[in-house]
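Open the model in your viewer and keep the selection tool ready. We will go stop by stop.

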Amino acid sequence: MSKISRNTLCPCGSGKKYKKCCLSKDQAKYSNQKEKSLNSQQKDEIASDIHNFTKEHGGDKERMLKSPDFMDYMNKFKLLIDNSSNEEMNKMTTSYSGFYEFGKFLEEFAMAIKNGAFDDLLEKK
Ligand SMILES: [Zn+2]
């Protein structure tokens with residue numbers, strides 16, 4: 001893709017110069033993409049981190065939930081889901097059993113919250 005010059009007419013067809021029209025919108029879009037996209041090595045590292053977290057807690061759901069790092073790992077997991085194709089997710093769940101277990105746990109957790117099972121625990125915090 002060739003770079004659009006700031007002083008040429010905007011490609012959106014508004015008749016305004018690019019810098020007065022869609023430039024800022026495009027810049028915001030690209031910086032957003034840059035922030036969001038993770039390379040495969042970064043994805044692998046996050047999956048591995050989550051795997052280790054699960055294993056360190058012996059896969060014990062209650063212990064994981066009580067860990068001060070739980071929210072952090074939950075957010076990392078979400079980040080991976082948002083940035084990975086199904087194929088990549090399959091690969092990570094196959095490579096890291098702890099990653100798979102963590103995902104399963106989050107599913108159950110989300111369901112349990114819906115059903116009010118954690119109301120007591122969440123109120124205490
Ligand atoms: Zn425009």
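The tour goes to a metal site and then to some charged pairs.

**Before you start**

This is a predicted model: local features need pLDDT of at least 70, side-chain atom pairs count only at pLDDT 80 or more, and totals for chains, interfaces and linings use all residues. Residues are numbered from 1 along each chain as its sequence is written, and side-chain values use heavy atoms, with hydrogens and water left out.

**Stop 1: the zinc ion**

Select the zinc ion, then C10, C12, C21 and C22. The SG atoms of these residues are its protein donors, 2.2 to 2.3 Å away. Donors are N, O and S atoms within 2.8 Å of the metal (3.2 Å for Na, K and Ca); water is not among the atoms, so sites may look incomplete.

Check the angles next. The four donor atoms subtend 106 to 114° around the zinc ion, which makes the arrangement tetrahedral. The ideal angle for four tetrahedral donors is 109.5 degrees.

Now look along the chain. The donor residues follow the spacing C-x1-C-x8-C-C. C12 and C22 both lie in the segment before α1 (23-36), so this pair ties together parts 10 residues apart in sequence. Helices here are DSSP runs (H or I, at least four residues), numbered from the N terminus.

Is C22 buried or exposed? C22 is buried, at 10% relative accessibility. C12 is partly exposed, at 47%. The cut-offs: buried is under 20% relative accessible area, exposed is over 50%, and partly exposed is in between (1.4 Å probe, protein chains only).

**Stop 2: salt bridges**

The structure holds six salt bridges. Each is a side-chain nitrogen of Lys or Arg within 4 Å of a carboxyl oxygen of Asp or Glu.

Select K55 and E101. Their closest N and O atoms are 3.2 Å apart. K55 sits in helix α2 (residues 40-56) and E101 in helix α6 (residues 97-114), 46 residues apart. K55 is partly exposed at 40%, and E101 is partly exposed at 31%.

Select K61 and E108. Here the closest N and O atoms are 2.9 Å apart. K61 is in helix α3 (residues 61-66) and E108 is in helix α6, so the pair ties together parts 47 residues apart in sequence.

Finish with E107 and K104, another salt bridge, at 3.7 Å between the closest N and O atoms. They are three residues apart in helix α6, so about one helical turn separates them. E107 is exposed at 52%, whereas K104 is partly exposed at 36%.

How values were computed. Tetrahedral: all angles 85-135°; square planar, octahedral: opposite > 155°, others 65-115°. Helix = DSSP H or I, 4+ residues; strand = E, 2+ residues; numbered from the N terminus.
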